Amino acid sequence: MAQHAPAAAHAHDDHHDHKPHGWRRWVFATNHKDIGTMYLVFAGIMFFVGGLMAMVIRLELFKPGMQFVDPLLFNSMTTMHALFMIFGAVMPAWTGLANWQIPMQIGAPDMALPRLNNFSFWILPFASAILLLTLLVPGGGPAGGWTLYPPLALQTADAFPMTIFAIHLMGVSSILGSINVIVTIMNMRAPGLSLLRMPLFVWSWLITAYLLIAVMPVLAGAVTMLLTDHYFGTTFFTAAGGGDPVMYQHIFWFFGHPEVYILILPAFGVVSEIIPAFARKPIFGYEAMVYAIASIAFLSFIVWAHHMFTVGMPLAGQIFFMLSTMLIAIPTGVKVFNWSATMWKSSMTFEPPMLFALAFLFLFTIGGFSGLMLAIAPADFQYHDTYFVVAHFHYVLVPGAVFSILGAVYYWLPKWTSKMYDHKLAKVHFWLSAIFVNVLFFPQHFLGLAGMPRRIPDYATQFTDWNMVSSIGAFGFGLSQLLFPYIIWKCVRSGAPAPARAWEGAHGLEWELPSPLPYHTWETPPSAAVIARGAEH
Amino acid sequence: MANTHASADADKYYVPHSSQWPIVGSIALFTLMMGAISYLNEWGGSWVFLPGVALVIFMFVGWFGTVIGENQRGLYNLHVDRSFRMGMMWFIFSEVMFFAAFFGALFYARNLAVPWLGGQGVKIFNSIELWKGFEATWPTSGPGHVGGREDGSFDVIPAFGLPAINTAILLTSSLTVTIAHHALRQGKRNILTAFLAATFLLGFLFVYLQAHEYIEAYTELGLKLSTGIYGSTFFMLTGFHGLHVTIGAIMLTIIWLRVLKGHFTPQRHFAFEAVAWYWHFVDVVWLGLFIFVYWI
Amino acid sequence: MIRKALAPIAALAAVTSLFFSQGAHAESGWHLLNMRQGVTAISREIYSLHMLIFWVCVVIGIVVFSVMIWSIVTFRKSKGAVPDTTMVHNTKVEIIWTAIPVAILVAMAVPAAKTLVQIEDTRNTELTIKVTGFQWGWQYDYLENGVRFFSRLERKADAARQLGSGVDPNTIPNYLLDVDNPLVVPAGTKVRLLITAADVIHAWWVPDFGMKKDAIPGFVNEMWFNVDEDKTGIYRGQCTELCGRDHAFMPIVVDVRSKEDFQTWLKATAEAQKQAAAPQPAATAHAG
Ligand code: HEA
Ligand code: HEA
Ligand code: CUA
Ligand SMILES: [Cu+2]
């Protein structure tokens, strides 16, 4: 069957249209799979760019004293590392996965608005180019932290408008991308596939897209105010004119907090796909999972000021934001417990996607715990702006978001390429990543508690030891990631053919499609029987 | 008209094969942004905007032209139509959130920042240590009396003058566009063209009056973009709104031209509805502005 | 079986608790693992909140991770485990594991809110000092006494921290944590700081006092601390809000003296500044 499918698919294609070839296929793409691939490749490149910047940070912090970079360059490495990782790597990776998977999982022929889809993608490389170019202009790159707090951010030289406009463009890209996702999910589901039969990855993206459309414009507004404060004499963030620098922080975090859930909700979705597949058992509490995601999304709008406990808010504000933040632990807990219950009385095997999902489960939970600690406002007076915070968010972002992206790629790669990758090598990649990521980030808890502030290029000598450990972990983690593109390259070049249902326990409409995949996905919607088979969660 | 050329089978969702417009659009945005960057960084004069603006216009004309063409050839079934509608709804939602950021700034400044600067609540030491004698009032250009006339003073535009007239104009235009919509659905073309024309004319009239108001603010009232927080919120909110009205009026004009060409049917007229929704959205934002910026 | 699965976790918990109970003042890096208890009532209260939430997380972690590890060890296909595919939800269990966290969080929130209320109680302060952050240092202004001075990174460290200075930071005592003019305050006194900034946002933090507050240009933030009577000595901290190129290089040093010593210092300094101010304003000659 695996041999006949490609020929059949081709004939079918040629009959319907001319599948574009060469560069046109990519530049003029309207096919969700091609666009998904471009997103993923782009995200991978940006992960390496942002990672290289992190390596500069860790290199400078290896020991006390200024060794390699000027403090301003250090600050711009920190700033751009975060911007590239968030807007360049993780968000586009999720959009890429959405592009690949959503049409396949809901029985749709493609994304609802294919041209817009291509537009969303192609804005990104240009935006990133603008951001990267800031390193070359007079005054260097943006160095005020990824949060761009005024008045400091207003001291940025020529990089200032470049950073702002790069963010605008990335915002436009993700808004358009999210519109497409929502419309696809709401309008393109195969007949009979009701909302509550959708795979959880689709659900998580539906809610993520909603969050994105709600908050990216707010970020755009915030940075627009920065721009006019800088160039056109407005005083949004200047006290003398009746404005307030803290106002920026409120607007920014109204975006920023939902943003961190934008980075993690699709991860929840992916983990909810992988664990049942390798546990050979339906997800436990499917509906509760859906409601949990929705509650997290709702709560994420009313907790933003937990990033600002030290700005001098009125007491009532501090208490409100502390309580609302703590509430998020409850729906998140429901998710963690449901995943655990899914594994209970199951029959597990430990292929690479499962390993990443399991590491996610443990390490994300640890990151969530430190988040809960940060939510305790009085304690946050001590934690705030120290490496404890850095440890927290890297636990949720790296073994959280990044691991689940890696897991997702290892899970669906056999479907995309119709070939199987080298499991042994992927397991090596996993174990190296899982060990080094802890060497890298766990000591940062200690550093923060001991009083090391974040965003500093040089530190007091008593912080030396743990910084060295952390840097060693960083180099180890970084180097281990080189395995990832190699494994993919090897798989595409010479992987053994994979069956249409690449994993024994995998359910979902994507596995009902033949391998190799036809160029167009569900040209005729799946039948009720196929849907029923696919929709066993 | 759409149905006469029907070629695609009715239940197949139309997926365009490939399209150059997205990449043209990306390059256009990039060029536009590079122009703005060059201008702001004084790497070049205001002419640096031209290539970007030209490309953006080229992109819009080309892209929408293609879509209209495909529509005329009957490639879009009702399923596609529904995607467009939902897409437009969510786009408008994103616009709402953009305005929300600026309304948020207005409320925050007015109800928190300015009173705090005047030493209220938790910030009593502001008025003792930093801004002695500053009294929190609204409107204000802040304790530093930033901008305004030579002496730092400024006046505001009273709500029940031109702004009230503008409110009436926009509300009327919302009504006319609705009448036009009903006419379209009932196939009454004359009413449709007349009321649609009235709508965009009212839109342009609004823009004209708003420009008039801006000139007065700048030349006589000392109310400028740089007049402290009042000027900042006033001009950013009304300015972005004015920009949206302008865009909306242009879109209405284009739709009107398409009506003249006979593009819409009583059943199928997504573009018309999209623009009408957009127009209502602009109208609602204006009501918010009228109440919170001009009136209260 | 259970014991076997739990053993590593128990060991881990034991080791961690050992780490976290290390002395608060050990100076060598390997021992700096936990938040310090500090020298004020508030800082101790914060410390105990921190430990409380920490142990809550540890306990929940042990429970959750035990279940996961147990499953991973037991329910393996290679061991012939057969999946129970009918187990798709259970309302009773789901209610329980929603309710228990709610209870825990409420139990956590109450003491935390109480501490917040205390922290925000600024009544009855005995000494007020205005603190102004600037790029890159601090200005201290004893409002009632006319004493006023700047505080910046100490010179030797400032030379050593330049890129490629060739100086080993380990040879410099209190590298990056020493200033030319420390803030001097009395012990056993409720000291109020009025914190603001001249240019960009900074943040004033001395970990031993348990409090951190942002210094925001154009706004005055209030914060207070009261160091135990018997805890005189030198306490160090740093600016904790990114404030540009030299953010890492604007430390804070507080010299806490007995009330009498403080009064002596204050009088002497006020006198000295008055004299210096007469011919030329030396103390305010900072080029800002
Ligand atoms: C993917 C990203 C992500 C995620 C998911 C989270 C999740 C959470 N975060 Fe985090 N956070 C960030 C990314 C993220 N964060 C980033 C990037 C920053 C720094 C930004 C910057 O300043 O640059 C930050 C900073 C940050 C702060 C500000 C710190 C400071 O600057 O002083 C706070 C404070 O409250 C916080 C809290 C939380 C909480 C309560 C959660 C919760 O959602 C966690 C909930 C999860 C659990 C609690 C674990 C599982 C639950 C159970 C097993 C149930 C039972 C548990 C209990 C009852 C305890 N985060
Ligand atoms: C999704 C988001 C994301 C991700 C994936 C990461 C990944 C990493 N982060 Fe980042 N980080 C942030 C988001 C993220 N971070 C944010 C939001 C901040 C706050 C910024 C601010 O304060 O404004 C931050 C800040 C931050 C700091 C604090 C800087 C400071 O306060 O000054 C540090 C320091 O250790 C750090 C380290 C790392 C490391 C080592 C990785 C590693 O996981 C990266 C590993 C990847 C690679 C290394 C690339 C692949 C490998 C190669 C290219 C091969 C070459 C390798 C070698 C030469 C070894 N990050
Ligand atoms: Cu001052 Cu950081
Ligand atoms: Cu947050």
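## The largest cavity

Three helices of chain A each supply at least two residues of the lining of the largest cavity: helix 4 (71-106), helix 6 (159-187) and helix 7 (200-231). Helices here are DSSP runs (H or I, at least four residues), numbered from the N terminus. This is a predicted model, where local features need pLDDT of at least 70, side-chain atom pairs count only at pLDDT 80 or more, and totals for chains, interfaces and linings use all residues. Residues are numbered from 1 along each chain as its sequence is written, chains are lettered from A in the order in which they are written, and side-chain values use heavy atoms, without hydrogens and water.

The cavity holds about 150 Å³ of space. A cavity is a set of points on a 1 Å grid over the protein atoms alone where a 1.4 Å probe fits but cannot get out; lining residues have an atom within 4 Å of a point. Volume is the space filled by probe spheres set on the points, which are joined across faces, edges and corners. Of the 16 lining residues, Met91(A), Pro92(A), Thr95(A), Ser173(A) and Ser174(A) are the closest to the centre. The lining has 10 nonpolar, six polar and no charged residues. Nonpolar means Ala, Val, Leu, Ile, Met, Phe, Trp, Tyr, Cys and Pro; charged means Asp, Glu, Lys and Arg; the others, Gly among them, are polar.

## The second largest cavity

This one holds about 60 Å³. Its lining includes Asp244(A), His250(A), Trp116(B), Lys123(B) and Phe219(C). By class, the lining has eight nonpolar, two polar and two charged residues. Helix 8 (245-279) of chain A and helix 3 (78-117) of chain B each supply at least two of the lining residues.

Methods. 1 Å grid on protein atoms, 1.4 Å probe; cavity = no way out; pocket = protein on both sides within 12 Å on 5 of 7 lines; lining within 4 Å.
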